[in-house]
Amino acid sequence: MQADTSLSAPLPATRKPSPQQRLLLLGALALAAIVLFMTVNLHGNLRYILVHRGLILATMLLVAFAAGTGTLLFQTITSNRILTPSIMGLEALFILIQTALIFFIDADGFRVLGTVGKFLCETSLLLLFSVMLYRWLLAGRGVDLHKVLLVGLVFGTLFRSLSGLMQRLLAPGEFAVLQGRVFATFTRAAPEIIALSAVIVLLAAVVIWRMRHLLDVLALGREAAVNLGVAYQQKVMTVLLLVSLLVAVSTVLVGPLTFLGLLVANLSYQIIGSHRHQYLLPGVILTGIITLVGGQLVLERLLNRAGTLSVVIEFAGGALFLYLLIRKTTK
(Lines give C-alpha, C1' and ligand atoms only; values in the text may rest on other atoms or scores of the structure.)
Protein backbone atom coordinates (compact mmCIF):
# COMPACT_ATOMS: atom_id res chain seq x y z
CA MET A 1 0.00 0.00 0.00
CA GLN A 2 1.35 3.41 -0.97
CA ALA A 3 1.50 5.88 1.89
CA ASP A 4 -0.49 9.07 1.59
CA THR A 5 2.04 11.87 1.66
CA SER A 6 -0.38 14.68 0.87
CA LEU A 7 -0.77 15.61 4.55
CA SER A 8 2.95 15.76 5.20
CA ALA A 9 3.80 17.75 2.08
CA PRO A 10 4.75 21.38 2.83
CA LEU A 11 2.20 23.98 1.91
CA PRO A 12 3.21 26.37 -0.86
CA ALA A 13 4.47 29.71 0.45
CA THR A 14 2.02 32.56 0.15
CA ARG A 15 3.39 35.16 -2.21
CA LYS A 16 3.30 38.63 -0.79
CA PRO A 17 2.21 41.46 -3.07
CA SER A 18 5.04 43.50 -4.53
CA PRO A 19 5.49 47.23 -3.75
CA GLN A 20 4.15 48.05 -7.21
CA GLN A 21 0.97 46.08 -6.52
CA ARG A 22 0.56 47.77 -3.15
CA LEU A 23 0.96 51.16 -4.78
CA LEU A 24 -1.73 50.26 -7.31
CA LEU A 25 -4.06 49.31 -4.46
CA LEU A 26 -3.32 52.57 -2.63
CA GLY A 27 -3.89 54.49 -5.85
CA ALA A 28 -7.26 52.81 -6.36
CA LEU A 29 -8.32 53.60 -2.77
CA ALA A 30 -7.17 57.21 -3.10
CA LEU A 31 -9.03 57.62 -6.39
CA ALA A 32 -12.17 56.09 -4.89
CA ALA A 33 -11.98 58.45 -1.90
CA ILE A 34 -11.58 61.46 -4.23
CA VAL A 35 -14.51 60.44 -6.45
CA LEU A 36 -16.77 59.80 -3.46
CA PHE A 37 -15.81 63.08 -1.83
CA MET A 38 -16.70 65.00 -5.00
CA THR A 39 -19.94 63.17 -5.82
CA VAL A 40 -21.68 61.96 -2.64
CA ASN A 41 -24.85 63.95 -1.81
CA LEU A 42 -24.35 66.15 -4.84
CA HIS A 43 -27.47 68.27 -5.18
CA GLY A 44 -28.48 71.92 -5.27
CA ASN A 45 -26.20 74.47 -6.92
CA LEU A 46 -23.82 72.01 -8.57
CA ARG A 47 -21.36 74.61 -9.79
CA TYR A 48 -20.89 76.17 -6.35
CA ILE A 49 -20.69 72.81 -4.61
CA LEU A 50 -18.16 71.38 -7.06
CA VAL A 51 -15.96 74.48 -6.82
CA HIS A 52 -16.17 74.47 -3.03
CA ARG A 53 -15.35 70.78 -2.76
CA GLY A 54 -12.65 71.10 -5.40
CA LEU A 55 -10.85 73.79 -3.38
CA ILE A 56 -11.03 71.68 -0.23
CA LEU A 57 -9.82 68.63 -2.15
CA ALA A 58 -6.91 70.55 -3.68
CA THR A 59 -5.92 71.80 -0.22
CA MET A 60 -5.95 68.27 1.19
CA LEU A 61 -3.91 66.93 -1.73
CA LEU A 62 -1.25 69.61 -1.23
CA VAL A 63 -1.10 69.02 2.52
CA ALA A 64 -0.93 65.25 2.01
CA PHE A 65 2.10 65.69 -0.22
CA ALA A 66 3.83 68.36 1.87
CA ALA A 67 3.31 66.79 5.30
CA GLY A 68 3.92 63.19 4.24
CA THR A 69 6.93 63.81 2.01
CA GLY A 70 8.49 66.31 4.42
CA THR A 71 8.31 63.82 7.29
CA LEU A 72 9.63 60.98 5.13
CA LEU A 73 12.67 63.03 4.06
CA PHE A 74 13.28 64.18 7.63
CA GLN A 75 13.18 60.64 8.97
CA THR A 76 15.47 59.48 6.17
CA ILE A 77 18.32 61.82 7.04
CA THR A 78 17.86 61.41 10.81
CA SER A 79 17.45 57.61 10.62
CA ASN A 80 14.63 57.85 13.14
CA ARG A 81 10.98 57.02 12.48
CA ILE A 82 9.73 58.78 15.60
CA LEU A 83 10.92 62.30 14.75
CA THR A 84 8.86 64.81 12.76
CA PRO A 85 9.87 68.17 11.21
CA SER A 86 7.78 69.95 13.85
CA ILE A 87 10.65 69.39 16.27
CA MET A 88 12.56 72.10 14.37
CA GLY A 89 10.17 74.73 15.73
CA LEU A 90 8.60 75.89 12.45
CA GLU A 91 5.03 75.36 13.59
CA ALA A 92 5.78 77.12 16.89
CA LEU A 93 7.29 80.00 14.93
CA PHE A 94 4.14 80.21 12.77
CA ILE A 95 2.00 80.51 15.91
CA LEU A 96 4.38 83.17 17.27
CA ILE A 97 4.12 85.17 14.04
CA GLN A 98 0.32 85.09 14.11
CA THR A 99 0.28 86.03 17.79
CA ALA A 100 2.76 88.89 17.30
CA LEU A 101 0.76 90.28 14.36
CA ILE A 102 -2.36 90.56 16.46
CA PHE A 103 -0.51 91.71 19.58
CA PHE A 104 1.62 94.46 18.02
CA ILE A 105 -0.45 95.48 14.96
CA ASP A 106 -4.10 94.41 14.76
CA ALA A 107 -6.29 91.44 13.92
CA ASP A 108 -5.86 92.03 10.19
CA GLY A 109 -2.09 91.64 10.31
CA PHE A 110 -0.42 92.16 6.93
CA ARG A 111 -3.55 93.70 5.47
CA VAL A 112 -1.69 95.93 3.02
CA LEU A 113 0.12 92.94 1.49
CA GLY A 114 -3.04 91.12 0.45
CA THR A 115 -3.69 87.41 0.64
CA VAL A 116 -0.83 86.34 -1.63
CA GLY A 117 1.62 88.78 -0.06
CA LYS A 118 0.77 87.57 3.44
CA PHE A 119 1.23 83.95 2.36
CA LEU A 120 4.60 84.67 0.75
CA CYS A 121 5.76 86.75 3.70
CA GLU A 122 4.88 84.12 6.30
CA THR A 123 6.37 81.30 4.21
CA SER A 124 9.55 83.32 3.64
CA LEU A 125 9.92 84.02 7.37
CA LEU A 126 9.67 80.32 8.21
CA LEU A 127 12.12 79.40 5.46
CA LEU A 128 14.52 82.19 6.45
CA PHE A 129 14.57 80.91 10.03
CA SER A 130 15.43 77.44 8.74
CA VAL A 131 18.22 78.71 6.50
CA MET A 132 19.78 80.73 9.32
CA LEU A 133 19.51 77.80 11.71
CA TYR A 134 21.06 75.30 9.31
CA ARG A 135 23.86 77.62 8.17
CA TRP A 136 24.74 78.35 11.79
CA LEU A 137 24.73 74.74 12.92
CA LEU A 138 26.09 73.10 9.77
CA ALA A 139 28.81 75.62 8.99
CA GLY A 140 31.57 73.43 10.43
CA ARG A 141 33.29 70.46 8.94
CA GLY A 142 30.80 67.83 9.96
CA VAL A 143 27.06 67.45 10.17
CA ASP A 144 25.75 67.05 13.70
CA LEU A 145 22.07 66.35 13.26
CA HIS A 146 21.65 65.78 16.99
CA LYS A 147 22.74 69.37 17.61
CA VAL A 148 20.30 70.58 14.93
CA LEU A 149 17.42 68.70 16.55
CA LEU A 150 18.34 69.88 20.05
CA VAL A 151 18.62 73.55 19.05
CA GLY A 152 15.39 73.29 17.04
CA LEU A 153 13.64 71.86 20.08
CA VAL A 154 14.95 74.69 22.26
CA PHE A 155 13.80 77.32 19.74
CA GLY A 156 10.39 75.65 19.53
CA THR A 157 10.03 75.82 23.32
CA LEU A 158 11.11 79.47 23.28
CA PHE A 159 8.60 80.37 20.56
CA ARG A 160 5.76 78.61 22.40
CA SER A 161 6.64 80.41 25.62
CA LEU A 162 6.64 83.82 23.92
CA SER A 163 3.36 83.00 22.17
CA GLY A 164 1.78 81.94 25.44
CA LEU A 165 2.90 85.14 27.17
CA MET A 166 1.42 87.39 24.47
CA GLN A 167 -1.77 85.34 24.24
CA ARG A 168 -2.45 85.94 27.94
CA LEU A 169 -2.33 89.68 27.29
CA LEU A 170 -4.72 89.66 24.33
CA ALA A 171 -8.31 90.80 24.56
CA PRO A 172 -10.94 88.03 24.30
CA GLY A 173 -11.94 89.08 20.80
CA GLU A 174 -8.35 89.16 19.58
CA PHE A 175 -7.69 85.78 21.15
CA ALA A 176 -10.70 84.33 19.33
CA VAL A 177 -9.32 85.65 16.01
CA LEU A 178 -5.93 84.12 16.82
CA GLN A 179 -7.47 80.73 17.60
CA GLY A 180 -9.15 80.75 14.21
CA ARG A 181 -5.80 81.39 12.51
CA VAL A 182 -3.69 78.80 14.32
CA PHE A 183 -6.31 76.03 14.34
CA ALA A 184 -5.75 73.73 11.37
CA THR A 185 -8.61 73.70 8.87
CA PHE A 186 -8.89 72.74 5.21
CA THR A 187 -11.67 75.14 4.24
CA ARG A 188 -10.18 78.63 4.59
CA ALA A 189 -7.46 78.70 1.89
CA ALA A 190 -8.13 81.18 -0.93
CA PRO A 191 -7.96 79.92 -4.55
CA GLU A 192 -4.92 82.07 -5.37
CA ILE A 193 -3.07 80.67 -2.34
CA ILE A 194 -3.91 77.12 -3.37
CA ALA A 195 -2.61 77.78 -6.88
CA LEU A 196 0.62 79.32 -5.59
CA SER A 197 1.12 76.44 -3.16
CA ALA A 198 0.55 73.97 -6.00
CA VAL A 199 3.34 75.59 -8.05
CA ILE A 200 5.76 75.44 -5.10
CA VAL A 201 4.85 71.84 -4.28
CA LEU A 202 5.15 70.79 -7.93
CA LEU A 203 8.66 72.25 -8.20
CA ALA A 204 9.66 70.58 -4.94
CA ALA A 205 8.19 67.28 -6.16
CA VAL A 206 10.35 67.36 -9.30
CA VAL A 207 13.50 67.97 -7.25
CA ILE A 208 12.65 65.28 -4.70
CA TRP A 209 11.82 62.67 -7.32
CA ARG A 210 15.15 63.27 -9.04
CA MET A 211 16.81 62.67 -5.65
CA ARG A 212 15.00 59.40 -4.93
CA HIS A 213 18.08 57.21 -5.43
CA LEU A 214 20.27 59.61 -3.46
CA LEU A 215 17.79 59.37 -0.58
CA ASP A 216 18.32 55.60 -0.52
CA VAL A 217 22.04 56.24 0.00
CA LEU A 218 21.48 58.90 2.67
CA ALA A 219 19.26 56.47 4.56
CA LEU A 220 22.30 54.20 5.03
CA GLY A 221 23.93 56.76 7.31
CA ARG A 222 26.75 59.28 7.11
CA GLU A 223 29.69 56.88 6.91
CA ALA A 224 28.14 54.68 4.23
CA ALA A 225 27.08 57.71 2.17
CA VAL A 226 30.55 59.29 2.34
CA ASN A 227 32.18 55.98 1.39
CA LEU A 228 29.90 55.85 -1.65
CA GLY A 229 31.10 59.27 -2.78
CA VAL A 230 28.16 61.42 -1.65
CA ALA A 231 28.80 65.01 -0.56
CA TYR A 232 26.94 64.31 2.65
CA GLN A 233 26.85 67.77 4.24
CA GLN A 234 25.68 69.49 1.06
CA LYS A 235 22.98 66.90 0.34
CA VAL A 236 21.69 66.91 3.91
CA MET A 237 21.47 70.70 3.78
CA THR A 238 19.47 70.47 0.55
CA VAL A 239 17.08 67.90 2.02
CA LEU A 240 16.58 69.96 5.19
CA LEU A 241 15.73 73.03 3.12
CA LEU A 242 13.22 71.02 1.09
CA VAL A 243 11.67 69.74 4.30
CA SER A 244 11.45 73.27 5.69
CA LEU A 245 9.84 74.53 2.48
CA LEU A 246 7.20 71.80 2.51
CA VAL A 247 6.43 72.25 6.19
CA ALA A 248 6.23 76.02 5.76
CA VAL A 249 3.80 75.77 2.84
CA SER A 250 1.62 73.22 4.63
CA THR A 251 1.56 75.20 7.89
CA VAL A 252 0.77 78.56 6.28
CA LEU A 253 -1.86 76.96 4.02
CA VAL A 254 -3.98 75.17 6.66
CA GLY A 255 -2.31 75.65 10.05
CA PRO A 256 -0.14 73.42 12.26
CA LEU A 257 -0.61 69.66 11.89
CA THR A 258 2.07 68.17 14.12
CA PHE A 259 1.38 64.45 13.79
CA LEU A 260 -0.08 64.08 10.28
CA GLY A 261 3.30 63.37 8.69
CA LEU A 262 4.26 60.94 11.44
CA LEU A 263 1.01 59.06 10.97
CA VAL A 264 1.11 58.67 7.19
CA ALA A 265 4.87 58.03 7.03
CA ASN A 266 4.76 55.14 9.50
CA LEU A 267 1.67 53.70 7.85
CA SER A 268 3.50 53.84 4.51
CA TYR A 269 6.49 51.94 5.88
CA GLN A 270 4.19 49.11 6.91
CA ILE A 271 2.05 49.12 3.78
CA ILE A 272 4.75 49.43 1.12
CA GLY A 273 7.17 46.97 2.73
CA SER A 274 10.22 48.45 1.00
CA HIS A 275 12.97 50.89 1.98
CA ARG A 276 13.41 52.25 -1.55
CA HIS A 277 12.21 55.81 -1.96
CA GLN A 278 10.87 55.25 -5.45
CA TYR A 279 8.10 53.31 -3.70
CA LEU A 280 7.98 55.15 -0.37
CA LEU A 281 7.52 58.60 -1.92
CA PRO A 282 4.34 57.81 -3.89
CA GLY A 283 3.25 55.52 -1.04
CA VAL A 284 3.35 58.26 1.59
CA ILE A 285 1.51 60.67 -0.72
CA LEU A 286 -1.27 58.18 -1.47
CA THR A 287 -1.55 57.23 2.19
CA GLY A 288 -1.88 60.91 3.08
CA ILE A 289 -4.60 61.39 0.47
CA ILE A 290 -6.54 58.40 1.77
CA THR A 291 -6.17 59.63 5.35
CA LEU A 292 -7.28 63.20 4.68
CA VAL A 293 -9.90 62.73 1.96
CA GLY A 294 -11.24 59.49 3.40
CA GLY A 295 -11.29 60.93 6.91
CA GLN A 296 -13.11 64.06 5.78
CA LEU A 297 -15.60 61.92 3.86
CA VAL A 298 -16.34 59.77 6.90
CA LEU A 299 -16.73 62.76 9.21
CA GLU A 300 -19.02 64.62 6.82
CA ARG A 301 -21.18 61.82 5.41
CA LEU A 302 -21.22 59.06 8.03
CA LEU A 303 -20.74 60.94 11.30
CA ASN A 304 -22.65 64.09 10.29
CA ARG A 305 -19.68 66.40 11.09
CA ALA A 306 -19.43 65.03 14.63
CA GLY A 307 -15.80 66.15 14.85
CA THR A 308 -12.98 68.02 13.15
CA LEU A 309 -10.55 66.17 10.91
CA SER A 310 -7.46 67.93 12.28
CA VAL A 311 -8.38 66.99 15.85
CA VAL A 312 -8.90 63.33 14.89
CA ILE A 313 -5.59 63.22 13.00
CA GLU A 314 -3.68 64.84 15.86
CA PHE A 315 -5.22 62.37 18.33
CA ALA A 316 -4.38 59.35 16.17
CA GLY A 317 -0.90 60.65 15.39
CA GLY A 318 -0.21 61.44 19.04
CA ALA A 319 -1.31 57.95 20.06
CA LEU A 320 0.97 56.46 17.40
CA PHE A 321 3.87 58.62 18.61
CA LEU A 322 3.42 57.37 22.18
CA TYR A 323 3.20 53.78 20.95
CA LEU A 324 6.40 54.09 18.90
CA LEU A 325 8.19 55.79 21.79
CA ILE A 326 7.15 53.13 24.31
CA ARG A 327 7.99 50.29 21.94
CA LYS A 328 11.45 51.72 21.31
CA THR A 329 12.21 52.21 25.01
CA THR A 330 11.12 48.68 25.91
CA LYS A 331 13.34 46.99 23.33
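Modeller: Let us begin with a single side chain: a residue is called buried when its relative accessible area is under 20%, and Phe-129, at 14% relative accessibility, therefore counts as buried. Please keep in mind throughout that this is a predicted model.

Biologist: How many aromatic pairs are there, and what is the geometry of the one that Phe-129 forms with Phe-155?

Modeller: Ring pairs are judged by the distance between centres and by the angle between planes, and planes over 60 degrees apart count as edge-to-face. The count comes to three aromatic pairs. The pair of Phe-129 and Phe-155 is edge-to-face, with 5.6 Å from centre to centre and 80° between the planes. Phe-129 lies in helix 4 (residues 114-137) and Phe-155 in helix 5 (residues 145-168), so this pair ties together parts that are 26 residues apart in sequence.

Biologist: Is Phe-155 buried, partly exposed or exposed?

Modeller: Phe-155 has 26% relative accessibility and so counts as partly exposed. Phe-129 has a further partner in Phe-159: their ring centres are 5.4 Å apart and their planes stand at 70°, so this pair, too, is edge-to-face. Phe-159 is also in helix 5, and because Phe-129 is in helix 4 the pair ties together parts that are 30 residues apart in sequence. Both Phe-129 and Phe-159 are buried, and Phe-129, Phe-155 and Phe-159 form one aromatic cluster.

Biologist: Which residues have the most contacts inside the largest nonpolar core, and which helix gives the largest share of that core?

Modeller: The general idea is that in soluble globular proteins nonpolar side chains tend to be buried together. Here the largest nonpolar core has 88 residues, and those with the most contacts inside it are Phe-186, Leu-218 and Leu-292. Helix 10 (residues 232-254) supplies the largest share, 15 residues. Apart from this core lies another, of five residues, among them Ile-82, Leu-263, Leu-320 and Leu-324.

Biologist: What does Phe-186 touch, once residues up to four places away in sequence are set aside?

Modeller: Phe-186 touches Ile-56, Thr-59, Met-60 and Val-63, and also Val-254, Leu-257, Leu-292 and Leu-309. For the chain as a whole, 78% of the contacts between residues at least 6 apart in sequence join residues at least 24 apart. The chain has 13 helices and zero strands, and 47% of its 331 residues count as buried.

Biologist: Where does Pro-282 lie, and what is it in contact with beyond its neighbours within four places in sequence?

Modeller: Pro-282 is placed in helix 12 (residues 277-302), and with 24% relative accessibility it counts as partly exposed. Leaving aside those neighbours, Pro-282 is in contact with Leu-23, Trp-209 and His-277. Distance in sequence and distance in space should be read separately: Pro-282 and Leu-26 are 256 residues apart in sequence, yet their C-alpha atoms are 9.4 Å apart.

Biologist: Which residues form a nonpolar patch on the surface?

Modeller: Val-298, Leu-302 and Leu-303 form such a patch, with about 290 Å² of accessible area together. Leu-302 is found in helix 12 and is exposed, with a relative accessible area of 68%. As for the whole chain, its accessible surface comes to about 17,400 Å², of which 66% belongs to carbon and sulfur atoms.

Note on methods. Residues numbered from 1 in each chain as written. Heavy atoms only, no water. Core = buried A, V, L, I, M, F, W, Y, C linked by side-chain atoms within 4.5 Å. Buried < 20%, exposed > 50% of the residue type's maximum accessible area, 1.4 Å probe, protein only. Helix = DSSP H or I, 4+ residues; strand = E, 2+ residues; numbered from the N terminus. Contact = heavy atoms within 4.5 Å. Patch = residues over 30% accessible without salt bridge, like charges linked within 9 Å, V, L, I, M, F, W, Y side chains within 5 Å. Areas by Shrake-Rupley, 256 points an atom, 1.4 Å probe, with all protein chains shown as cover. Salt bridge = Lys/Arg side-chain N within 4 Å of Asp/Glu carboxyl O. Phe/Tyr/Trp six-rings, centres within 6.5 Å; stacked < 30°, edge-to-face > 60°.
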